2 protein chains.
Amino acid sequence: MPEPLQDTRRLCVHSITTRPLSFEEILSSYPAAGISAITVWRQLLEGRSPAAAGRQLREAGLEITSLCRGGFFPAATQAKRQQAIDENRRLIDEAAELGAPLVVLVCGADPSQTLAESRRQIMEGSAAVLPHASACGIKLAVEPLHPMYAGDRSAINTLAQANDLCQQLPSPWLGIAIDVYHLWWDPDLEREIQRCGQAGKLFAYHISDWKLPVEDLLNDRGLMGEGCIPLRQIRSWVEAAGFTGFIEVEIFSHRHWAKNQFEFLEEIKKAYLAHA
Amino acid sequence: MPEPLQDTRRLCVHSITTRPLSFEEILSSYPAAGISAITVWRQLLEGRSPAAAGRQLREAGLEITSLCRGGFFPAATQAKRQQAIDENRRLIDEAAELGAPLVVLVCGADPSQTLAESRRQIMEGSAAVLPHASACGIKLAVEPLHPMYAGDRSAINTLAQANDLCQQLPSPWLGIAIDVYHLWWDPDLEREIQRCGQAGKLFAYHISDWKLPVEDLLNDRGLMGEGCIPLRQIRSWVEAAGFTGFIEVEIFSHRHWAKNQFEFLEEIKKAYLAHA
């Protein structure tokens, strides 16, 4: 097991984790809470220039880890698949303006077709946007999603599948975001993290916890320590695979969003130091 | 793809699917709806002699496919693990009295320990009850559960894991129950079904559907045709693997339980013929 984290130098928070906070509140409160970096969810940029927002975040002392989130490639019609590709290209442009080096891809799934078909379309969509990503100097990170989202959010549900996808589409601009909430249950996790690292594909690492009972499929994630994910063990695997980047706290939770968000940031910091 | 099913000779319904029905109502309504077999959930037997209940079910024309459910082996203390083993032995006795040839095992998981530890305890628990199962002539079917239940219901979450378990504990009395709700998302499903069949371990086949959105982790399963599981394709794999047994409808659903259950039985039959 690795040592507990001694400071918050690697602590990144996803803006959606504190969804009620405005852009201005984030600018002041994240650095004050000792948070070092931010992953920007697209809605935070609504109505503002990505370039200016990026500048403001950096001036406030926050590194920008990534922009969330593109993907959603599968669809039953060619026209809709093309729309998704176009939208991903726009998102890559936005990341470049913002100064985010990475875009996270939630791959998508269309329940009207087989998973195999959705998987083929994810491959095609990723291949179609990669040239634009590389031209813009933006990396893409496929995020395998928990199998409970296979119906309508992602047909890529294990790290093995994401590793396979990266092997089939070899590009230094395509890699993987490992999120413990989606992958903790997988008996092959350690082995596939190793494989991911050896291939140079471990682009991002997201944490939260699996609290019990899960009361909502989407928005009931736990803060680190509230659930049963062996966070320190998984971090040890990720670090043994060569990962030294930010540890990103990504929590969707009605329960936590209902709290005072400034106090929640303090809880996040404490939980990070105690459990991550 | 196999042909649609032409009749209800292979149609089995789990008593929990029509949870509001009493034992007496099941005795009359299942056969009247053309249902050929029943999997008995233990609560249906509360306050009655299993032997007499079994006789009544058979006299009503229902074959008894299995008794649900044992397992839940992992626990943090030795005393609790022993309790689980004792309870499983009692359940095996009950199955023998009832005349059910098979007991389904939901393996269990204890969130206070790692999945690896829970998996070791599942192996130990299964090994501990197998001699009693074989002495009683009762088969045990490990049912891999969806990864969304890894926290507290089962640390066996893929068919590959269940196949591995059966390889590690070779016994003609230990096999697998394949439930599409738990396994449909798995990219290795076809291959692992083949492996399961070749090893002679495909003991049971459960169906339902994955409706969207899933509003409740436990009790929001869909009737066949209401969701996105490719039921006929999975049946083709199961049959190619040599399975010719009952096709068991196992649906936990507040939505369906709220209906008139006699009408629901008719819907089940129609959905079975149209989609299974």
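**Conventions.** Residues are numbered from 1 along each chain as its sequence is written, chains are lettered from A and ligands numbered from 1 in the order in which they are written, and side-chain values use heavy atoms, with hydrogens and water left out. In this predicted model, local features need pLDDT of at least 70 and side-chain atom pairs count only at pLDDT 80 or more, while totals for chains, interfaces and linings use all residues.

**View 1. The barrel of chain A.** Eight strands of chain A close into a barrel in the order E1-E2-E3-E4-E5-E6-E7-E8, with parallel pairing. Strands (E, at least two residues) and helices (H or I, at least four) are DSSP runs, numbered from the N terminus. Two strands pair if DSSP finds at least two bridges between them. Axes are lines fitted to C-alpha atoms, for helices over the stretch in contact, and angles run from 0 to 180 degrees between N-to-C directions. The model scores ipTM 0.95 and pTM 0.96.

**View 2. Strands E5 and E6 of chain A.** Three bridges join E5 (residues 139–142) to E6 (residues 174–179) in chain A, and the two run parallel. Leu140(A) stands opposite Leu174(A) in E6(A).

**View 3. Helix H3 of chain A on the strands.** H3 (residues 78–98) of chain A lies across E2, E3, E4 and E5 of chain A. H3(A) runs at about 170° to E3(A). In the loop between E3 and H3 of chain A sits Phe72(A). Phe72(A) has a positive phi of about 50°, although it is not a glycine.

**View 4. Helices H3 and H4 of chain A.** The axes of H3(A) and H4(A) (residues 115–136) come within 10 Å and cross at roughly 30°. That makes H3(A) roughly parallel to H4(A). Angles under 35 degrees count as roughly parallel, over 145 as roughly antiparallel, 65 to 115 as roughly perpendicular and the rest as oblique. Residues in the contact (heavy atoms within 4.5 Å) include Ile85(A) and Ile92(A) of H3(A) and Ala128(A) and Val129(A) of H4(A). By class, the contact of H3(A) with H4(A) has seven nonpolar, four polar and three charged residues. Ala, Val, Leu, Ile, Met, Phe, Trp, Tyr, Cys and Pro count as nonpolar, Asp, Glu, Lys and Arg as charged, and the others, Gly among them, as polar.

**View 5. Helices H7 and H8 of chain B.** The axes of H7(B) (residues 189–198) and H8(B) (residues 231–240) come within 8 Å and cross at roughly 30°. H7(B) is therefore roughly parallel to H8(B). Leu189(B), Glu190(B) and Ile193(B) of H7(B) meet Ile234(B), Trp237(B) and Val238(B) of H8(B). These residues of the contact of H7(B) with H8(B) divide into five nonpolar, no polar and one charged.

**View 6. Two cis peptide bonds in chain B.** The peptide bond from Cys68(B) to Arg69(B) is cis, with omega near -5°. Arg69(B) lies in strand E3 (residues 63–71) of chain B. Cys68(B) stands opposite Val104(B) in E4(B). A cis peptide bond also joins Leu212(B) and Pro213(B), with omega about -5°. Pro213(B) is in the loop between E7 and H8 of chain B.
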